[in-house]
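Let's take a walk through this protein together, starting with its outline and ending at its surface.

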Amino acid sequence: MAVPKRKVSRTRRDKRRTHWKAKNPAISVCPNCLNPKLPHRVCKYCGYYKGETVLEVEE
Ligand SMILES: [Zn+2]
């Protein structure tokens with residue numbers, strides 16, 4: 001197995017991670033119940049997606 005010849009310094013290691021960050025999840029609004037939901041996913045509050053109810057949601 002290939003092995004690194006020398007230790008990566010703290011600076012190099014941390015510079016590599018400057019782009020390593022979490023981003024906010026995309027949020028859209030359900031056109032049926034106006035609750036926030038993830039885009040391209042069935043609304044978990046009313047089970048609505050693309051103009052029809054695809055999931056029955058109990059109270
Ligand atoms: Zn909804």
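Predicted model: local features only at pLDDT ≥ 70, side-chain atom pairs only at ≥ 80, totals over all residues.

Residues are numbered from 1 along each chain as its sequence is written, and side-chain values use heavy atoms, with hydrogens and water left out.

From the N terminus, the elements run α-β-β-β-β; helices (H or I, at least four residues) and strands (E, at least two) are DSSP runs, numbered from that end. The radius of gyration, taken over C-alpha atoms, is 22 Å, well over the 10 Å that the globule rule gives for 59 residues, so the protein is more spread out than a compact globule. That rule is 2.2 Å times the number of residues to the power 0.38. The C-alpha trace spans about 60 × 25 × 20 Å along its principal axes.

Which residues hold the zinc ion? Cys30, Cys33, Cys43 and Cys46 each coordinate the zinc ion through SG, at 2.2 to 2.3 Å (donors are N, O and S atoms within 2.8 Å of the metal, or 3.2 Å for Na, K and Ca; water is not among the atoms, so sites may look incomplete). Their spacing in sequence is C-x2-C-x9-C-x2-C. Cys33, in the loop between β1 (28-29) and β2, and Cys43, in the loop between β2 and β3, link distant parts of the chain, 10 residues apart.

Cys43 counts as buried because its relative accessibility is 0%, whereas Cys33, at 29%, counts as partly exposed. Buried means under 20% relative accessible area, exposed over 50%, and partly exposed in between (1.4 Å probe, protein chains only).

Val42 sits in the loop between β2 (36-37) and β3 (48-49), and at 32% relative accessibility Val42 counts as partly exposed.
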